[in-house]
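Subject: Structure handover

Hello,

Here is the structure I said I would pass on. Please open it first and keep it beside this message while you read the notes below.

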Amino acid sequence: MIPGLVLILLWQGAGELVSHFFLPHIPGPVVGLVLLLCFLSVRDRVPDSMALVSDAFSQHLGLLFVPAATGVILFLPQLRQHALAVIVALLASVLLTVAVTALVLKLVGPGGEGE
Amino acid sequence: MNKRLPIQEIWVYLSGSPLLALILTLAAYQIGYALYMRSQRNPLVNPVAIAVLLVAVCLEALDMPYAKYFEGAQFVHFLLGTATVSLAIPIYRGLNGLRGRVFPLLLALVAGGLTSILSAVGIAHWLGADHAIVGAMVSKSVTAPIAMGIAERLGYSPTLTAVFAVITGILGAMLASFVLDGLGLKVWWQRGFAIGVAAHGLGTSRAFSVHPEAGTYASLAMGLHGILGAVAIPLLAGYIPTF
């Protein structure tokens, strides 16, 4: 697991550097993601230790959002004041997004193999 | 003389180190996750929502300001960037099985991405939200670390954007399966992709816990949406009236 983590951190660092010096409007981690994707395509396989790290992150991605999301307490008065707008906008938006994405896939997509 | 002194000293020591915030964050998530598993992975029992509620209540009870909590919790927060980079792995795995799906997936991604921005900004503005709130809605369907970066560049609050992004993720993780069932979508990769476009990381977590193929496509969707959002939203921002 450690070699995989080191590799991912190195690509994150490379992404931050490229973002800082060449692509200032794209966040470093996104550049790192693209660089790592190129690296994997060239290597043509995912190193086992890297797969372990990535699976661990995917399964508990939610945990990493907790500190930022707790920032909600800073905005409680402002959010309370606009509670209706915020709730309706977020709720309707996510439902519509799921529905539109799903419908486009259903209409344009090649039939799948089923469940 | 003062019996409370040693306890106070311990308290001062603990609250000065990142340990307390880290324990709080991880323990709250652990409780949320245990409840989620105990509920047979019921989408309405969202581990992140529970964890945030628990942390918020604890901060209130301990009288600990958010800035101080974040000083310690930033070590967890930092890993969001690393997790974003590691999305390359599921994307790479997904790419191998794409075959004839590239065009429909990209079309669905663009349609979904535009829907998320226009509906959120439109409805929030229509219901009278102020400029800061409407602005923070713009990038909320993109995964939080990228959404925060976009918001910062556009001059909106990254924290508020992160909050909206996470609420979006929680709502998506909770409700997407009902929408997909309602639309009669039964194919795992389509279900996964739709949830990944709409509800990024938290939707992906949810998708992985339901079916691996759904999870792979959800992370593919989240990654592509993140890349597209980071490139396109700042370019489109001039055309999105946030009023």
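This is a predicted model: local features need pLDDT of at least 70, side-chain atom pairs count only at pLDDT 80 or more; totals for chains, interfaces and linings use all residues.

Helix 2 of chain A (residues 28–43) packs against helix 5 of chain B (residues 88–96) at an angle of about 45°, and their axes are 9 Å apart. Helix 2 of chain A is therefore oblique to helix 5 of chain B. Their crossing is right-handed. From helix 2 of chain A, the contact is made by Leu33(A), Leu36(A), Leu37(A), Leu40(A) and Ser41(A); helix 5 of chain B supplies Ala88(B), Ile91(B) and Tyr92(B). Sorted by class, the residues of this contact are seven nonpolar, one polar and no charged.

A second pair to look at is helix 6 of chain A (residues 83–108) with helix 6 of chain B (residues 102–126). The angle between these two is about 160°, and their axes are 8 Å apart. An angle over 145° counts as roughly antiparallel, so helix 6 of chain A is roughly antiparallel to helix 6 of chain B. This crossing, too, is right-handed. The contact of helix 6 of chain A with helix 6 of chain B is made up of 18 nonpolar, seven polar and no charged residues.

Now the contact between the chains as a whole. It takes 70 residues from chain A and 96 residues from chain B. On the side of chain A that touches chain B, the elements giving two or more residues are helix 1 (2–21), helix 2, helix 3 (48–59), helix 4 and helix 6. Which of them gives the most to the side of chain A that touches chain B? Helix 6 of chain A does, with 23 residues. That side of chain A divides into 49 nonpolar, 19 polar and two charged residues.

Helix 4 of chain A (residues 61–69) deserves a separate look. Is helix 4 of chain A mostly covered or mostly open? It is mostly covered, with nine of its nine residues buried. Those residues are Leu61(A), Gly62(A), Leu63(A), Leu64(A), Phe65(A), Val66(A), Pro67(A), Ala68(A) and Ala69(A).

Ala73(B) sits in helix 4 of chain B (residues 66–86). A residue is buried if 20 or more other C-beta atoms lie within 10 Å of its own; Ala73(B) has 23 such neighbours, so it counts as buried.

Phe178(B) and Pro43(B) are 135 residues apart in sequence, and 9.7 Å apart from C-alpha to C-alpha. Phe178(B) belongs to helix 9 of chain B (residues 158–182). Because 13 other C-beta atoms lie within 10 Å, Phe178(B) is partly exposed.

In chain A, domain 1 covers 1–59 and domain 2 covers 67–115, and their C-alpha centres lie 28 Å apart. In chain B, the domain assignment gives domain 1 as 1–79 and domain 2 as 87–243. The centres of these two domains of chain B, taken over C-alpha atoms, are separated by 28 Å. Six residues of domain 1 of chain B are in contact with eight residues of domain 2 of chain B. The side of domain 1 of chain B that touches domain 2 of chain B has four nonpolar residues, one polar and one charged.

Last, two backbone angles. Most residues other than glycine have a negative phi. Gln40(B) is not a glycine, yet its phi is positive, at about 60°. Gln40(B) lies in the loop between helix 2 (18–38) and helix 3 (47–62) of chain B. With 7 other C-beta atoms within 10 Å, Gln40(B) is exposed. Asp63(B) likewise has a positive phi, near 60°, and is a residue other than glycine. Asp63(B) is found in the loop between helix 3 and helix 4 of chain B. Asp63(B) counts as exposed because it has 7 C-beta neighbours inside 10 Å.

Regards

Conventions
Residues are numbered from 1 along each chain as its sequence is written. Chains are lettered from A and ligands numbered from 1 in the order in which they are written. Axes are lines fitted to C-alpha atoms, for helices over the stretch in contact, and angles run from 0 to 180 degrees between N-to-C directions. Helices (H or I, at least four residues) and strands (E, at least two) are DSSP runs, numbered from the N terminus. Angles under 35 degrees count as roughly parallel, over 145 as roughly antiparallel, 65 to 115 as roughly perpendicular and the rest as oblique. A crossing is left-handed if the near helix is turned anticlockwise from the far one by less than a right angle, and right-handed if clockwise. Two residues are in contact if their C-beta atoms, placed from the backbone, lie within 7 Å. Ala, Val, Leu, Ile, Met, Phe, Trp, Tyr, Cys and Pro count as nonpolar, Asp, Glu, Lys and Arg as charged, and the others, Gly among them, as polar. Domain bounds come from an automatic or database domain assignment. A residue is buried if 20 or more other C-beta atoms lie within 10 Å of its own, exposed if 12 or fewer, and partly exposed in between; C-beta atoms are placed from the backbone.
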